[in-house]
Amino acid sequence: MTSLPGEEVDKITLIRIKLPYREYFETSFGREYEKHTYLIIVEAGGDEGYSETAAGHYPKYSYESADIDAFIVEKYIIPSIEEGLSTDPREFMDKVSWIKGYNMAKASIEMALWDLTAKLMGKPLYKLIGGVREYANVGVSIGLQKDIDTLLSKISSYLEEGYQRIKIKISRGRDIELVKAVRNEFPDILLTVDANGDYRAEDLEHLKKLDGYNLLYIEQPFPYWDLYLHSKLQSMLETKICLDESVYNSDLAKEAIEMGAGKVINIKPGRVGGISESIAIHDISRDYGVGTWIGGMLETGIGRGFNVALATLPNIIYPSDISASKRYFNREIVTEPWEIDDKGRMWVRKGSGIGVEVDWKYIEKLTVWKKEYKIGG
Ligand code: OSB
Ligand code: MG
């Protein structure tokens, strides 16, 4: 990476918000009815960078949550940087590397620094990080539904909208019959399943039944810490395994690939600690011939801007979990909702950084609390 501007950061603002989802989202770890996150604003050189934490209302996807991350920011991250911070995201990561874990908390600031850096350079973020196209190829992730008919009708309307790939959530006891019904109705679509780590060693034989439905891959069948079981299942299957929760840094990406724990990697910037680490995982996967895509955390229009930028990288060869704003929210916190075209592409914004305008009036209504931290002398 070439040299980045490195202005001095003046202020960091954290705004804890909640906003309703259009409908609840159910996975093997439970239902979420509202988006809970905090927004970050970093200020330097008269410009502002934005981001949000990917962590949700409760620590169910991982040990992080919006409130836990806000605490980590105030208690450990701010004291590590308050004497002075340059806008270079890599310097920020060095300063907080002593804090174990909490990748989403770190990423919430690292990503705002990338947005700000791109703005200071007057460049769209996707160009700064080496994107090779001006759009993301996108699919949709559909939660567990009340019955199979509802699932099938949702799939058919998302396909009509243009989504290139359908992912359905599965869990122990709610799997084969869903896949069978979907394949029956839609024999040729790009189809994947995501278990969010619900299965255990005793399910290995059962999971073999997922072979034979022509799935593009099976996402995260086992808990995040269990690369061994993933490698065992991968050796029993024709279908590729895709790792999500398990891969939280680039060393793990390399080792998971080498031990045969998966043949596809879902990259989420929050989960891995930001944009730099996302690029590192992207590059390592490419070196091994492993395809990647960008995952989603039901982000607001701010987080989505980063996901779209990352999805323009060359080794993003599968459709990403990046859907239109209206799939998540009745009203967005950015002034222009994200949309897809009829070929299932989401186009990057032309402005510098992630290129979104924020609807501050609406955010005021969604605000639970707000804090400001002065940085440097
Ligand atoms: O496992 O990919 C996941 C949402 C929240 C937490 C975990 C996951 C998801 C999704 C939704 O699948 C992806 C999206 O549309 O943002
Ligand atoms: Mg997943």
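## Between the domains

Domain 1 (11-123 + 357-374) and domain 2 (126-347) both contribute residues to the lining of the second largest pocket, so this pocket lies between them. The domain bounds come from an automatic or database domain assignment. Before you select anything, note that this is a predicted model, in which local features need pLDDT of at least 70 and side-chain atom pairs count only at pLDDT 80 or more, while totals for chains, interfaces and linings use all residues. Residues are numbered from 1 along each chain as its sequence is written, chains are lettered from A and ligands numbered from 1 in the order in which they are written, and side-chain values use heavy atoms, with hydrogens and water left out.

**Stop 1: the second largest pocket.** Select Met93, Asn103, Lys106, Val272 and Glu277, which lie nearest the centre of this pocket among its 15 lining residues. On a 1 Å grid over the protein atoms alone, a pocket is an open set of points with protein on both sides within 12 Å along at least five of seven lines, a cavity is a set where a 1.4 Å probe fits but cannot get out, and lining residues have an atom within 4 Å of a point. The volume here is about 250 Å³, counted as the space filled by probe spheres set on the points, with grid points joined across faces, edges and corners. Now colour helix H3 (103-120) and helix H11 (275-287), each of which supplies at least two lining residues; H3 gives the most, with three. Helices (H or I, at least four residues) and strands (E, at least two) are DSSP runs, numbered from the N terminus.

**Stop 2: the largest pocket.** Next, select Tyr61, Ser62, Tyr63, Tyr224 and Glu245, the nearest to the centre of the largest pocket out of 20 lining residues. About 450 Å³ of space lies here. Domain 1 and domain 2 both give residues to the lining, so this pocket too lies between them.

**Stop 3: the largest cavity.** The structure holds four cavities of 30 Å³ or more. In the largest there is about 360 Å³ of space, and of its 29 lining residues, Phe25, Phe29, Gly296, Met297 and Leu298 are the closest to its centre. Highlight strand E1 (9-27), which gives the most to this lining, with three residues.

**Stop 4: the second largest cavity.** This one has a volume of about 70 Å³. Its lining includes Glu52, Met104, Pro269 and Asn307. H3 from the first stop is back, with the largest share of the lining at four residues.

**Stop 5: ligand 1.** Which residues come nearest to ligand 1? Of the 16 around it (a heavy atom within 4 Å), they are Ser141, Asp194, Asn196, Leu298 and Tyr328. Now show the polar contacts, pairs of N or O atoms within 3.5 Å. A polar side-chain atom of Lys169 is 3.0 Å from an oxygen atom of the ligand, and a side-chain N or O atom of Lys268 also lies 3.0 Å from a ligand oxygen. Met297 takes part through a backbone N or O atom, 3.4 Å from an oxygen atom of ligand 1. On its own, ligand 1 has 390 Å² of accessible area, of which the protein covers 97% (Shrake-Rupley method, 1.4 Å probe).

Terms used: Polar contact = N/O pair within 3.5 Å; in protein donor to acceptor, adjacent residues only side chain to side chain.
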